[in-house]
Amino acid sequence: MLDKIKEFASTFFVTGDPMIYGADVSIALAMIGIVFVLTYFKKWGWLWKNWLTTVDHKKVGIMYILAAILMLFRGGVDALLMRLQLATPDVTLLHPEHYNQIFTTHGTIMILFMAMPLMFGLFNIAVPLQIGARDVAFPFLNALSFWLFFMGAMLFNLSFVIGGSPDAGWLSYPPLSELQFSPGVGQNFYIWGIQISGIGSLATGINFIVTIIKMRAPGMTWMKMPVFTWSVFSSCVIIIFAFPILTVTLALLFLDRFGGGHFFTLDFGGNPMMYINLIWMWGHPEVYIVVIPAFGIYSEVISVFSKKKLFGYKSMVYAMFMIAILSFFTWAHHFFTMGSGADVNAFFAISTMVIAIPTGVKVFNWLFTMYRGKITFKTPMMWAIAFIPNFLIAGLTGVMLSVAPADFQFHNSYFLVAHFHSALIGGVVFGYLAGLYYWWPKMFGFTLPETPGKWAFWFWNIGFYVCFIPQYSLGLMGMTRRLSTYGWDTGWQPLNLVSTVGAFLMGIGFLFQVLQILLGIKNFRKLKDTTGDPWGGHTLEWSIPSPAPEYNFATIPQVEERDDWWAEKDKRAKGIFRKQPPIEAIHMPKNSAIPFIMSVFFFIAGFGFVFGWSIFYIPGLIGVAICMICRSFFSYDGDYYIPADEVKRTEAAIRGSV
Amino acid sequence: MAQAAAHHSHDHDHGHHDPQELKMLGFWIFLVTDVILFSTLFATFVVLRNSTAGGPGGAELFNMTGVIIETFLLLTSSFTSGLAVLAMNKGSMKGLINWLIVTAILGLGFIGFEVYEFVELVHEGANFGTSAFLSAFFTLVGTHGLHVSLGLVWMIGLMFQLKKRGLTPETKGKVSALSLYWHFLDAVWIFLLTVVYLMGVM
Ligand code: HEM
Ligand SMILES: [Cu+2]
């Protein structure tokens, strides 16, 4: 009996590695700590009422961002472990299987559980405010999307301590990811973690498309819409076309593993290449899903901090849409070497190179926006400027990779690793950090202290080049990706050491950001944003107080110009004030516990499917169904009104006048 | 900033948007994502349709009589769901419920025949794991069947809501969305019939 329990425990819990025991202990301690603090300060009710059941897009946005930063930490620790292992030859910090698990979880977490939620957080914070709306189109669905993402991410992370992590790479190519070669539960965690959060992403895509189409303030025509909102729209259009492909692909892989199917197996007619095509039909557009909103942020930040209108607004919008469409015609550049033939390769090589054209247009627009502008070097602007030279490198090496014959040399080498990190860190992460700094006062009502932010900036930036430039050379010297260790005779030691130093510099940069936030909270009073418009913004979100009241706009703005709030400030300076309409009762959605509860049931069902335990997945699925039915029956009284008097009182309190 | 004059007709909903209109647009976009989902499954099926790994192919397996009955049932149910919406637009609750009941019965008949067909196939030894072709077949057709089943659950739930709430803008919106969904499944079935069955037996 005891032996049986022991055996079960050792397959269920991951054992044998001191690092994992350390993680177990720290997870347990963190949980106990959280429960203790919440109980001690009697905060359970507060947590439930204000956060777990909220449908307010601003709070949902903050929760997304918090979760994303947590995941950045986890993915970052993975990255540092890998770089430590590769710092010099023959390091035995991680044995090869563990190394495989770490690069897999690092890649998956960084893209799906860090970049995506950080992006959705910024969507939630900024889009309704930029278009003068009181909420997103479907607030309930929005909360559900968040909780699905969160539960998916937690399920994925659970694999680290229970059952074992996936180790077939961040895209889980079969046949390696098939039952035959990955018999453990790691791949199942991968499939269900992504599947559950993916449903949420798809719903977010639909939600923001409807929000942007239908909820713009009166007068805001398409061509008066802020660029960031445009970028969100483009990104969501890609989401609704790309994510169903991912859903199907993962479902088919799961059917292979769980139901004995033969979609991608080596025998019984399965076709692994089918998977590779499908996953990249989602995977390549995915890269543009995350980078286009970053382009939107750069456009906003660069024009605000140059005190100029964005140069070439229209060409910017067209360029973003061009990229969105083209992104669906390049997927095969990820497997030029897998024997598709010369004509297919040529098609995908050319379509890939064509993307450089709209991208180039955008870079010139940003440069012309800064040209002769009155530039102020606040942190958001610094990140935006730092992006430009870096993205030139990423773009240039990208075009090199798109040359099909040359790719036979670069494929799966460190050159590629350096390229995609340039694009993902320099393009995506820098952009979201710029956005985070930019909208921070709107979220929390205070600006972050600049000095630690500048330290963070320099550590991140210098570390970034120190880390990734050597990797281009290493790739050309023959070092391949996903390599867990190498010998002295390769001659790769010096550059690898430099690269590792760079990674740690970025880690220090991250610590400075944590410090910056702590200092910001400590000096909250001094840093308070009383104007609602600390940067001299152009768009509507800066016309309301910081942080925005729960109903956003006391009266819905009437938009007249492209940078409407900027134009309005100009007019006010000239003494022209427009008449304010009377404040009326405001219609708001009620909080709901269903999104949270339903996602917990999804988690339970996912966990059951991971282990193939019907005592979990059947109740989980039933719970999901019951939640859906409840929602359908109770959806008739999901709203309430804030009386006009209360709105007036709130406005008077935050603005100091009515 | 420029503030809107209060010229909206419904004074309380100032700045608020017609929720039914939002939901309808959202539902259309959801259907677009469902089109992509089915397209992906179709693509997989087309790629794998000849990968029978020495096992039986479509020509040997498909029972066209059953398929034609299924088609008839589903097309008719799509028509009756249209009649339900017509009755609703005329304000006739009774007509609406009755036509929904007819639609649900036809839909159930469709599912019944499909399940029977699947059971027959498995009996003949053609199951999900026999070959890539059959994995793709069961998944594609099964996904459609699952959609129809979910539609049935939705339809029954909606009938209860209609009884309880009567014809309100919300319930009307739900009926319109359901009917749209039902027509969509019909269209998918036409493709299934063509690509899977007709091209399979040819
Ligand atoms: C913060 C600094 C980062 C460092 C030092 C770092 C380092 C690494 C390393 C060492 C690898 C393994 C390369 C190999 O396979 O040999 C890797 C893989 C990867 N990284 Fe990062 N990374 C960082 C940030 C990011 C970010 C922000 C993203 C995405 C948004 C990202 C996405 C990926 C992906 C997709 C892979 C491929 C995983 C695979 O091979 O399956 N990384 N990274
Ligand atoms: Cu690509």
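Buried here means under 20% relative accessible area, exposed means over 50%, and partly exposed is in between (1.4 Å probe, protein chains only). With that in hand, P174(A) comes out as buried, at a relative accessible area of 5%. This is a predicted model, so local features need pLDDT of at least 70 and side-chain atom pairs count only at pLDDT 80 or more, while totals for chains, interfaces and linings use all residues. Residues are numbered from 1 along each chain as its sequence is written, chains are lettered from A and ligands numbered from 1 in the order written, and side-chain values use heavy atoms, without hydrogens and water.

**Copper site, chain A**

- Three histidines hold the copper ion (ligand 2): H284(A) through ND1, plus H333(A) and H334(A) through NE2, at 1.6 to 2.0 Å. Donors are N, O and S atoms within 2.8 Å of the metal (3.2 Å for Na, K and Ca), and with water not among the atoms, sites may look incomplete.
- Along the chain, the donors of this copper ion follow the spacing H-x48-H-H.
- H284(A) sits in helix α9 (residues 272-305) of chain A and H334(A) in the loop between α10 (313-326) and α11 (342-370), so the pair links parts of the chain 50 residues apart. Helices are DSSP runs (H or I, at least four residues), numbered from the N terminus.
- H284(A) counts as buried, at 6% relative accessibility.

**Helix α7 and P174, chain A**

- P174(A) lies in the loop between α6 (139-158) and α7 of chain A.
- Of the 29 residues of α7(A), 26 are buried, so the helix is largely enclosed by the rest of the structure.

**Cavities and chain B**

- Searching the whole structure turns up five cavities of 30 Å³ or more. A cavity is a set of points on a 1 Å grid over the protein atoms alone where a 1.4 Å probe fits but cannot get out, and lining residues have an atom within 4 Å of a point.
- The largest cavity has a volume of about 50 Å³, and its lining includes S81(B), L100(B), M155(B) and W182(B).
- α6(B) gives the most to that lining, with four residues.
- UniProt, in an unreviewed entry, places the feature "domain: Heme-copper oxidase subunit III family profile" at residues 25-201 of chain B; such annotations may be inferred rather than shown by experiment.
- That span is 86% helix and 0% strand, with its end C-alpha atoms 39 Å apart.

Key. 1 Å grid on protein atoms, 1.4 Å probe; cavity = no way out; pocket = protein on both sides within 12 Å on 5 of 7 lines; lining within 4 Å. Points joined across faces, edges and corners; volume = space filled by probe spheres on them. Helix = DSSP H or I, 4+ residues; strand = E, 2+ residues; numbered from the N terminus.
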